[in-house]
Amino acid sequence: MVRERYLQQLDLLKESVLSLGEMSELIFRDSIEAVIDLNVELANKTLALEPKADKLEEGIEVSIFDLLALQQPMASDLRLVVSALKLAADLRRIVGLSINIAKIPGKIADGHVKPLVDTKRMADVTADMLANSLRAFETRDPELAKAAAARDEEVDKIFYAVWVELIEMMAKDTSIVSKATYLLFLIRYIERIADHCCNICESVVYLTTAERVKLN
Amino acid sequence: MTEAVQNVTQSQIEVENLDLWYGEKQALKNISMQIPKNSVTALIGPSGCGKSTFIRCLNRMNDLIKNCRVEGKVSIEGKDIYGKEVDVVDLRKHVGMVFQKPNPFPMSIYDNIAYGPRIHGVSKKDLDGIVEGALHSAAIWNEVSDRLKSPALSLSGGQQQRLCIARTLAVKPEIILFDEPCSALDPISTSKIEELIMNLKKDYTIVIVTHNMQQAARISDYTGFFLMGELIEFGQTRQIFHSPLEKSTEDYITGRFG
């Protein structure tokens, strides 16, 4: 086998993307737990992870620049490098949105305006989408990617239902507007995270089949 | 072969079931290819895969090699170039060739370009115009216009190669074959030749053999991948370098072997 160093660099790139993926899963999961339980301590612990995610993303970018400039990858290698760049950006946004979520517990002192049962379900589906989109990348499985992206519909449905519910509650009782608005932001952040998972799934389909598809 | 290539209405070069032997050894196996007019077609593949042998079939340069036997059909503009009535000298006027190493004649810059037109009977009064036009088209006029009487061998390697391209253009071919035209050149000269090739396709059909994958990807519209005498894959360059259909093509262009 020729170009051993190059192949190692490609493997390393894939592993770095998966590390950023794991980091984003952790930050998302903990931020959701922190916001549901209004656990400020867990929220602060989560916020402290953001610089680590930044470092991972930066490392991925540097290795992509090196690969493009020095190795000039072609065909499926080129698709891997381009997909890795896109995945890194999507994962970094997922981290950013999760960090926004982790900032909410510090702003709501004494309990939510409603039980967050639907929101928890929405977050669970999103976490599944994230896990499966990453596994699809790892195993180069376009079908798994498509299946993961298909669940975006469930997320959107819950989003609109909770949205309407919160608006109606605010219309009836203006004293809850401030706290309810944070929940509107919360569901919006989760919905956006699910969209980024769909982007990841699109990148995986592109990586494995060279086809550009729209999955959300 | 991809549909995109099959659907091209005007293919200038048509190769059908071409086999070639050097003595007992078969160097090309059942090659079929359609090369569209006014396009750049790159041929890639590891050393010894037959790509140079193939390109030399297109102007019958292999006729010069002892024990070389060709079967199958090569047509240019619908005419079988291996037909009995074909004048090989005339064929090579229509199908010019530029080689790996610049090979100017040991004479002046002017005479290098004028040589071909002169032997084809162009009158003296037309020569100046032809020489200037060819040097312009080969993007070297500005560098040599004030020293046309200087020896061609006093030019740099990159300039010599462009001079050879100008010499080819001077006899007004329709097709130009390039056999690794940049492999003896520095990066700047290489860029100049690449620019030149991309400009020339407006007026000529170009087939280029190259070992430089990025060069093939940059300048060609179609790419053919050869391996052990066979044409493994032929298609639009973007598709070949982005998502080749054959595993061996993928392995070659990603540097897994070769």
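Where is the place of B:Asn67 in chain B? The points below, which concern a predicted model, return to this residue at the end.

1. **The sheet of chain B.** Six strands form an open sheet in the order E6-E7-E8-E3-E9-E10 (chain B), and the pairing is mixed. Strands E6 and E10 (230-236) of chain B lie at the edges with a single partner strand each, so one side of each has no neighbour in the sheet. On average, and with direction ignored, neighbouring strands are turned by 15 degrees against each other.

2. **Strand pairing.** Strands of a sheet pair through backbone hydrogen bonds, in either a parallel or an antiparallel manner. In chain B, strand E6 (residues 95-98) and E7(B) are paired in the parallel sense over 4 bridges, with B:Phe178 of E7(B) as the bridge partner of B:Val98. On E7(B) there is also a parallel pairing with strand E8 (residues 205-209) of chain B, over 5 bridges; here B:Asp179 has B:Val209 in E8(B) as its bridge partner. Elsewhere in the sheet, strand E3 (residues 40-44) and strand E9 (residues 222-227) of chain B pair in the parallel sense over 4 bridges. B:Thr223 in E9(B) is the bridge partner of B:Ala42.

3. **Strand E7(B).** Why is strand E7 (residues 175-179) of chain B largely enclosed by the rest of the structure? The reason is that 5 of its 5 residues are buried, the criterion being 20 or more other C-beta atoms within 10 Å. In a regular strand, side chains alternate between the two faces of the sheet. From E7(B), B:Ile175, B:Leu177 and B:Asp179 point one way, while B:Ile176 and B:Phe178 point the other way; all are buried.

4. A right-handed β-α-β unit is made by E7(B), helix H8 (residues 187-200) of chain B and E8(B). Helix H7 (residues 157-169) of chain B packs on the sheet, where it touches E6 and E7 of chain B. The direction of H7 makes about 170 degrees with that of E6(B).

5. **Nonpolar cores.** The largest nonpolar core comprises 70 residues, and B:Ala166, B:Leu177 and B:Ile206 have the most contacts inside it. Apart from neighbours within four places in sequence, B:Ile206 is in contact with B:Val40, B:Thr41, B:Ile176, B:Phe178, B:Ile197, B:Leu200 and B:Lys201. A second, separate core has 59 residues, among them A:Val17, A:Leu80, A:Ala123 and A:Ala180.

6. **The contact between the chains.** How many residues of chain B are in contact with chain A? There are 12, and they are in contact with 10 residues of chain A. On the side of chain B that touches chain A, the elements giving two or more residues are helix H9 (213-219), helix H10 (237-242) and helix H11 (247-253) of chain B. The residues of that side comprise 5 nonpolar, 5 polar and 2 charged.

7. **Positive phi values.** B:Asn67 lies in the loop between helix H2 (51-57) and strand E4 (68-76) of chain B. Its phi is near 65 degrees, a positive value in a residue other than glycine. B:Asn67 counts as exposed because it has 9 C-beta neighbours inside 10 Å. B:Asn17, by contrast, is placed in strand E1 (residues 11-22) of chain B. Phi of B:Asn17 is near 45 degrees, also a positive value in a residue other than glycine. With 11 C-beta neighbours inside 10 Å, B:Asn17 counts as exposed.

Note on methods. Residues are numbered from 1 along each chain as its sequence is written. Chains are lettered from A and ligands numbered from 1 in the order in which they are written. This is a predicted model: local features need pLDDT of at least 70, side-chain atom pairs count only at pLDDT 80 or more; totals for chains, interfaces and linings use all residues. A nonpolar core is a set of buried Ala, Val, Leu, Ile, Met, Phe, Trp, Tyr and Cys residues joined through C-beta atoms within 7 Å. A residue is buried if 20 or more other C-beta atoms lie within 10 Å of its own, exposed if 12 or fewer, and partly exposed in between; C-beta atoms are placed from the backbone. Two residues are in contact if their C-beta atoms, placed from the backbone, lie within 7 Å. Two strands pair if DSSP finds at least two bridges between them. A crossover is right-handed if, with the strands pointing away from the viewer, the path from the first strand over the helix to the second runs clockwise. Ala, Val, Leu, Ile, Met, Phe, Trp, Tyr, Cys and Pro count as nonpolar, Asp, Glu, Lys and Arg as charged, and the others, Gly among them, as polar. Axes are lines fitted to C-alpha atoms, for helices over the stretch in contact, and angles run from 0 to 180 degrees between N-to-C directions.
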